[in-house]
Amino acid sequence: MISWRAGFLINVPFTIILIYLTWKHVKETEGKTVRIDYLGSILSIIGLVAIIYGFTEENWFISLLGIVILAVFVMWEKHITYPILPLSLFQNRTRTGAYMVRLLFMMAMLPFWFFLPQMMQTSYGFSALASGMAFLPLTLVNFGIALQLPRFVQKYGNKRVLVTGELILALGLIMMAVSNIEKGYWVAIFLPMLILGLGQGLILAPVTSAGVHEASDDLAGVASGLTNTMHQIGGPIGLSIIVAFTSSFNGALWFMLAFTIMGGLIATFVIESDRSSS
């Protein structure tokens with residue numbers, strides 16, 4: 001049998017291709033010397049680790065300590081001239097909303113990818129490979145809709161596409177939450193997955209674009225990095241919260257739905273409409 005660790009090897013050929021393309025086509029730019037915010041980096045890491053660990057172990061003191069450390073991190077970033085996280089990024093409503101939506105999106109989706117394979121293996125007797133293949137409908141729909149996104153965004157605007165994606169994602173989670181898993185994969189999982197794939201495909205690119213909305217040249221890289229940071233930390237935070245309160249797949253789905261609804265509300269009322277589409 002092939003170990004699950006072999007799954008990481010799929011990234012190797014893509015990485016080699018990216019290294020070659022970068023070397024071949026990305027032009028060298030002039031560098032500059034800047035001070036590094038070491039203390040800010042340490043505070044942010046310790047704060048996030050404490051919050052996630054505290055939720056996972058149901059140790060609320062450590063979680064509270066993590067929140068306090070992050071508050072200290074924000075105060076530190078506010079008073080230095082070389083912050084790792086320039087707080088001016090949050091002066092734009094659209095960018096701020098995008099970071100929150102991206103965080104909540106992954107708070108819902110990483111637990112989905114965590115719980116669903118286990119449920120299929122337990123309830124349907126799927127192998128690990130079959131559980132992975134069972135995600136194919138979601139992936140194909142996600143890929144297909146992503147190819148149409150430029151046309152949709154141009155016609156309807158970034159915000160409308162994003163809000164629509166959140167609504168469709170919420171609908172897919174509701175469908176799966178109320179489905180009877182005893183009816184089998186094709187009814188209980190396959191059909192909701194098609195809806196979920198559509199919602200995911202409509203969300204990711206628009207929320208990424210909103211994360212760098214009107215960012216100046218000197219902040220564009222940090223804005224993009226913060227969007228990806230929210231993507232990376234959202235999953236562990238969401239999963240740690242869910243496992244602290246429930247271990248059932250159905251119970252987890254309602255938490256995922258709550259995160260998605262919050263994301264949809266923020267996308268609706270915080271992110272500003274495109275000027276060209278309003």
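Is E58 buried, exposed or partly exposed? In this predicted model, E58 has a relative accessible area of 47%, and so it counts as partly exposed, given that the term covers values between the 20% limit for buried and the 50% limit for exposed. To find E58 in the structure, look at the loop that runs between helix 2 (38–56) and helix 3 (60–79). The backbone of E58 also deserves attention, for this residue has a positive phi of about 55 degrees even though it is not a glycine.

E214 sits in the loop between helix 8 (185–211) and helix 9 (217–245), and, without being a glycine, it has a positive phi of about 55 degrees. With a relative accessibility of 45%, E214 is partly exposed.

The largest nonpolar core has 59 residues, and among its members F112, L116, I189 and M256 touch the most others. At least two residues of this core come from each of helix 2, helix 3, helix 4 (93–123), helix 7 (158–178), helix 8, helix 9 and helix 10 (249–269), while helix 4 makes the greatest contribution, with 15 residues.

When its neighbours within four places in sequence are set aside, F112 is in contact with P117, F135, L138, L173, M176, L196, L253 and M256.

Definitions and conventions. Residues are numbered from 1 along each chain as its sequence is written. This is a predicted model: local features need pLDDT of at least 70, side-chain atom pairs count only at pLDDT 80 or more; totals for chains, interfaces and linings use all residues. Side-chain values use heavy atoms; hydrogens and water are left out. Helices (H or I, at least four residues) and strands (E, at least two) are DSSP runs, numbered from the N terminus. Buried means under 20% relative accessible area, exposed over 50%, partly exposed in between (1.4 Å probe, protein chains only). A nonpolar core is a set of buried Ala, Val, Leu, Ile, Met, Phe, Trp, Tyr and Cys residues joined through side-chain atoms within 4.5 Å. Contact means heavy atoms within 4.5 Å.
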